[in-house]
Amino acid sequence: MPTSNTQRSTLKVQHAASLDVEAWTLNVGRFSKRLAIAAIASSIAIPSFAQNSPTPPDSPRDLTVLILGDSLGLCGFGKRLDQKFRADPRVKSVFTYCTCGTNPLSWLKEKPFTHSQTHCGYWSVESRPDSHAPKELRDTYGTPSGHRPTSHTVPKLDDLLATIQPDILVMQTGANLFGLFSGREKVKSDRDASMLRKYLVPFVKKAITPPSKLRKIYWIAPPISGRVSGDVQEFVFQQTQNDIGSVVHLIDSRKLITYPYKHMEPDKEHFVGEDMNRWTDKVFAEINRDLSAQQWSNVRPLTESGLATAATPASAPSATPAAAALVVRAKLVSKTEPIRREQLLPYQEFLVGFVYDVEEVTAGEYSEKQILVMHPAYIGLQPQPLEKFRIGKTYELQLRPLDGSLWSTIKSKDDSGRIELEPYIRVQDEGRYPKSGR
C-alpha cells in the first residue's frame, strides 16, 4: 500500500526524534542532563498504546489512580506509567507524585517526617476536573540545561487519600531502604527484619485505614541495584513480602529488566531511556493482568484487611538527637573512603563506616571489642572534614544506634565487613541532619 505524505512526514518526525534522543543520551555523561531526556524517551511510544487500546463506547471510566515514586520515578518511570493509566479505558483520573530521596515513611504526617522535603527532584502530574490536559510540575536536574531543583514538601498520603479518594495506589519505592544496611553485603536477619518493618507496615496501615477507599495497592520493588549486594536486595524483597504481602500486590522488578542497564548513572542504580521504558511497560502489563483477572465490583476494600487492625511497630526514627545510649573511649583502627560526589547524585547526604577498638565503656552497655560508627561524609553535597579523625588516635564517642535515626536510610558505605557489629552514629552528627528533612 502506498505511503501517504502525512505518513511519510510522521515517520520522519519520529525517526528524527529517535536520533535526537539517542545522540543526546550517548554524548551526555552527567545525571542532570540524562534525566532531562527521560520525558522525551518515555513519550515517544505512548500514542501507540492509546491506539492499540481504544476505549469501548460503553466502557465506564470511573477508577482513580494514585502513583507515588522516588528518584527512579523521576528517571521516566513515573511519567510513563502515568501516561499508561491515562490511556486505560477503565481509568477516570490519575495523580502522580515522584520525590527524590524518599522512603515509605516520608509520605506520612507522623513525626519526624511531618514536614519532610525533597531537595533533589520533584515531579507531579495531576488530573483536572475542568480539562483533559493534566496539571504538571517538574523540577529536576538538567531541565532546563544546568538547572538544579529547589526544595519541595513531600505530599502526604493522609491528604491524598482524603482529597483524591483513589481506588488504586501504585507505590514505587525500596531503593532508599538499602541504606539501612550501611553498605553491608550480608544481612543479620533478626535485626534487619525488625528494622525494615518500621518503614513498611506504618505506611500500608495508613493506606488501608478509613477514610481510605483503596481496593488495590501495587508495590513496585526496585530493579537490580549495582550499589548493594544481591543478598541485601533479596532480603529486602522477601521481608517486604512477609510484612505487607498479604495486603499489597508485590511486583519484583528484578525479573522484569536485565542488569546492567543502558544509560546507567555512575551510582549503578539510576538509569534512563529504553530500559526505563521497558521496565515501566512490564510493570504496567502485570498490573493490567491483575486488574483484568476479576470484576472490579468483586474487589473488596482494603479496609477489611487484617493488617488494618494489627499493632503498628514502635520506635519510629527520631527527629531530634536522643541522649547518648552509649559512651565509649575507643581507638580508630579503620576508615571507609567516601565515594566521589558525582556518584552520589541525585542524593545529597552520605555516610561512611569507621571501626574503633573499644578501650572503655563509660556509660551504657556494650560487650564487643570493636564498634562500628557511621560518619557523615557529605551533607548537602558538601564534603565533611573526616581527615580530623586519625587512625591510631583515641576518641570519646557519645553514640546512639543508627537504627531509629533519621540517618538510617541515607546512602552509605562500609568496607569493614563486620556484619556482626550494630552500626552507631555520634549524637553530635545526629544533630547535623538537614533541618528541612527528606
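**View 1. Where α6 meets α7.** L157, D158 and L161 in α6 touch F203, K206 and A207 in α7, a contact being heavy atoms within 4.5 Å. What you're looking at is a predicted model, where local features need pLDDT of at least 70 and side-chain atom pairs count only at 80 or more, while totals for chains, interfaces and linings use all residues. Residues are numbered from 1 along each chain as its sequence is written, and side-chain values use heavy atoms, with hydrogens and water left out.

**View 2. How the two helices cross.** The axes of α6 (residues 157-164) and α7 (residues 189-207) come within 10 Å and cross at roughly 20°. So α6 counts as roughly parallel to α7 (angles under 35 degrees). The crossing is right-handed, with the near helix turned clockwise from the far one by less than a right angle.

View 3. R191 sits in helix α7. R191 is buried, at 18% relative accessible area (buried means under 20%, with a 1.4 Å probe and protein chains only). Leaving out residues up to four places away in sequence, R191 touches R184, I419, E420, L421, E422 and P423.

**View 4. Stepping back to the chain.** The protein chain has 11 helices and 16 strands (DSSP runs of H or I with at least four residues, and of E with at least two). Buried residues make up 55% of its 438 residues.

Note on methods. Buried means under 20% relative accessible area, exposed over 50%, partly exposed in between (1.4 Å probe, protein chains only). Axes are lines fitted to C-alpha atoms, for helices over the stretch in contact, and angles run from 0 to 180 degrees between N-to-C directions. Angles under 35 degrees count as roughly parallel, over 145 as roughly antiparallel, 65 to 115 as roughly perpendicular and the rest as oblique.
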